[in-house]
Amino acid sequence: MLEFETAQGNKYAWCDDVGLIIPESLEMRAILNQINLQDPVLDESILKTLMKSYNEDEIKYCYKWIKKWRKIMPKQNALKIPQEIPAESIKPFVLRHCLRQLILDVTEDCNFRCKYCTFSEYYEFTRGYSKRHMNFEVAKKAIDLYANLLKEGRRFNPWREHYIGFFGGEPLLNFDLIKECVNYIESRYGKWHYSMTTNGSLLDEEKGEWLLDHKFSILVSLDGPEEEHNRNRVFCDGRGTFNQIMKNLATMLEMGYKDIRAITVLDPKSDISEIEKFFQRNDVPPISRATNVTKMEGCKYYDQFSKEDQQFFLHRVETARTRYMDRISNNLKNNKKNPFSDALFYRILISMLLGPITLQSSKSLAPFTGTCVPGLKIFVDVEGNIHACERILTNFPIGNVYDGLNYHRIGEILKDYFHHMERCPSCRVRKLCNKCFHDFCTDQGFSSSNNVCQEIESSTLKSLSEAVSIAEIDSKLVDRADIKYESLMKWRV
Amino acid sequence: MYFRLNPECYFIKGECRSAIFDLIEGEIYALNEQETGLVSSFEANNPVDVDNEFLIELKRLCLGNFYSRSVYIQKIRIGSPRSENQINIPPSLARGFIEINNSCHRDCWFCGFNGIKRSSGCMGCNKWNEDGQPLSLDDWKRIIEELRDLDCRNLIITGGDLTLDWDRTMDILDFSYGLFPKIFMSFHQESISREIERDIANKATAIIQTEKLSDTLSDGSIYLLIANGSNGWKPNWIRKDNIIVDYIFKDQNHIPKDLPLMSKAKLSANMHFFLNNIRHHPCLGHTISICSDGKAIPCPMMRKYALGNVGKSPLYSIFQDFYLDKFWKLTLDKIDRCSSCEFRFACSDCRALEEALTGSHLGKRLCCYDPKIGEWQL
């Protein structure tokens, strides 16, 4: 078990075999240092020795509890890298558990040149800028393929609904295609769930009304106040894009558009305090999530920042975290809402404390890392090639809209991926891992986990410590996100 | 100092009292009102008196511990709460009953045909006063494949008398074999023979319905023992691994209070059972039953709730209007009398029987505990 300590000074241990955190005392650690949790038989003489150095009652209690805990420890022999992915298991798995969303890359063109864009020169293995649009023939094929897969998959998962997302480049540069797709879907298949990720610059009133009519869920990239946003998000000619976006957002909010949220990207120069203030404004849509500039194999974006820049940024994050924790301590009463810090810290909190699979062997074909099985999303590029998601490089296609999903290829990718995950069986934060294909892919295949995951245990434990520090102040913040919460808390004051 | 229950111990409050459920040891600790107040307080991270004898006892029982500062206790669970919230998750189907015929030459007094109220009738064979067109062998094979595709974990093949057309029954069993982790088949004791036992050996577990246990029981079979007042309601039987007691209720006004279904004996702090019951009905949850004519119902004994007919449409269509899901999610929290009870997640419940006894699908007759005053009324 891995030890960690919270801001309040409490000690815990992460038990990866079970997938839970346990509170830890000096006595608990002393016993754990002497025994193997899989077989916690402690020699009487060692127990007596420990009782001399530690509180006797506590030693007895901890030993009893550890023996109790052992009853739920899973057998260790399951921890092996899968050598083969049975071909016959892939299609049923995809039809049962995957196909959650079709994403159409309607254009590779963009009217922005965001400095951290994954298609910029900072990213060695991505495709670079392009003017290519998807045509309706490809889009229609993709829609029909997805509809047919869901039809075929109904017998495996009758509760699945159709979700389609429009992505780019800037998808509104090919707005006619989006309209054509939606008209086609509604005339042939009925209503689907629609979403779009946009830079917001082309989101005028006319488009807004059409999107509202079709109940689009919209994500707009917005990095904060003007200075913050324009530092990275610029038009092709270098002008800042902030004013244009805010003008469009004002129109959208005025027309009563509710399902519109912002996504924010941070880099080492981001002024978190200013961004926090910005998202407290009434003329700014709610924030969906805040993430760092994408780090992946071949990324050189961060090379431009000095160590001091990076440390200063970490200091800003820590200061924001302290403010967030103070706000929680005061029961949020005397403080204004702070949607940005909620997005920044709450997401990690939930991911760390409610994410891990506990006491259940994963049913996934992907037992290690946090990766999905390719096919969870159906990402279709402008030419009709299908990829595992919008974030993975194009050299891992899993089919195309003409021939359908290539289940054999999905199996090959999984097998190849896991052959590079040598570190996973001995990793002590397996169940907390959020790494996926995206973190390991290069133009030559996958990188080894021995290279990518060198600091995974320490960085994960740091995140865990931060999450538990918040949960210690108000555990309801976590508990309320569990759908069982209301039932469990019934009749409690 | 602070005191908190361990990760494996759930504190559940009722309207009056409460209980601690140790999900590793499977123990239940019922608390009085004073203890309830104390646990409610320390579980909300309020400070405690380190000399409190009740807390010292809780620690001695290995249910919780003292801490010098307030701490976060992550409760034990199965699976990932975050995953449960995701969209497009497939249904989790634990039990699929298929009644492959509705014929029998016997006239058992406890048969469903006679409208008898029984506690485990679902596990036995029943003939029903229904005249729908029986499904063909091909229909059953299609339905079995559909159950397999829904990842059904237990297939229970029932009738009617499965031995009347044994070749057809074996055809269905052979087709099902290997598609499900477990297969069960129900028989009347008079129908089962060595040949039949040999035919199904290693493929399915027999559930043998009987009024009298023979001296030699087969370890590989499950016995469904019909019990009524005349042969004594031996409550300890329910604890035997391969004996299920099927209590028959002839006179609902005179139900013995010490019957396991009425008393503490029906409670269990089994981890899977307890955690499942927070969101699902302990029995209806994850269950579907297909009648001999293709009618889909929530359980074999709830005949009047037709979800659709899988002879005419595919099995998945039954799931799509979420009517079945309402039965799955009919937790005891939603049953009036149980909703204020601290044992609501540890309790077994047969909705079919309760409905037969009370006339309401939300009724409750089989319980001696009054959660409003916190007493077992024995």
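A salt bridge is taken here as a side-chain nitrogen of Lys or Arg within 4 Å of a carboxyl oxygen of Asp or Glu. By that rule, seven salt bridges are found across the interface of chain B and chain A, in what is a predicted model.

**Interface of chain B and chain A**

- One of the pairs to look at is Lys68(A) with Asp22(B), whose side chains form a salt bridge with an N to O distance of 2.7 Å.
- Polar contacts between chain B and chain A number 37 residue pairs, counted where both residues have pLDDT 80 or more.
- On the side of chain B that touches chain A, the elements that give two or more residues are the strands E2 (9-13) and E5 (64-67), together with the helices H2 (53-60), H3 (81-84), H4 (137-149), H7 (271-277), H8 (316-320) and H9 (323-328) of chain B.
- E2(B) provides the largest share of that side, namely five residues, and by class the side of chain B that touches chain A has 29 nonpolar, 15 polar and 23 charged residues.
- The contact draws 67 residues from chain B and 54 residues from chain A.
- About 5700 Å² is buried between chain B and chain A, with 54% of it on carbon and sulfur atoms; in chain B, the residues that lose the most area to chain A are Tyr72(B), Asn88(B) and Asp149(B), which together account for 15% of what that side buries.

**Sheet of chain A**

- In chain A, three strands in the order E1-E2-E3 make up an open sheet with antiparallel pairing.
- Strands E1 (2-5) and E3 (20-23) of chain A are at the edges and have a single partner strand each, so one side of each lacks a neighbour in the sheet.
- Neighbouring strands of this sheet are turned against each other by 35° on average, direction ignored.
- Strand E2 (residues 11-15) of chain A pairs with E3(A) in the antiparallel sense over four bridges, and Ala13(A) stands opposite Ile22(A) in E3(A).

**Sheet of chain B**

- Chain B has an open sheet of ten strands with mixed pairing, in the order E7-E12-E11-E10-E9-E8-E6-E13-E14-E15.
- Its edges are strand E7 (117-118) and strand E15 (308-309) of chain B, each of which has a single partner strand, so one side of each is left without a neighbour in the sheet.
- Strands E10 (residues 205-210) and E11 (residues 222-227) of chain B run parallel and are joined by four bridges, with Ile207(B) opposite Ile222(B) in E11(B).
- H4(B) packs on the sheet, where it touches strands E6 (95-99), E8 (154-158) and E13 (287-290) of chain B, and the direction of H4(B) makes about 175° with that of E6(B).

How values were computed:
Residues are numbered from 1 along each chain as its sequence is written. Chains are lettered from A and ligands numbered from 1 in the order in which they are written. This is a predicted model: local features need pLDDT of at least 70, side-chain atom pairs count only at pLDDT 80 or more; totals for chains, interfaces and linings use all residues. Side-chain values use heavy atoms; hydrogens and water are left out. Two strands pair if DSSP finds at least two bridges between them. Axes are lines fitted to C-alpha atoms, for helices over the stretch in contact, and angles run from 0 to 180 degrees between N-to-C directions. Contact means heavy atoms within 4.5 Å. Buried area is the accessible area (1.4 Å probe) that two parts lose on being put together, summed over both. A polar contact is a pair of N or O atoms within 3.5 Å; within protein, one must be able to donate a hydrogen and the other to accept it, and residues adjacent in sequence count only if both atoms are side-chain atoms. Ala, Val, Leu, Ile, Met, Phe, Trp, Tyr, Cys and Pro count as nonpolar, Asp, Glu, Lys and Arg as charged, and the others, Gly among them, as polar.
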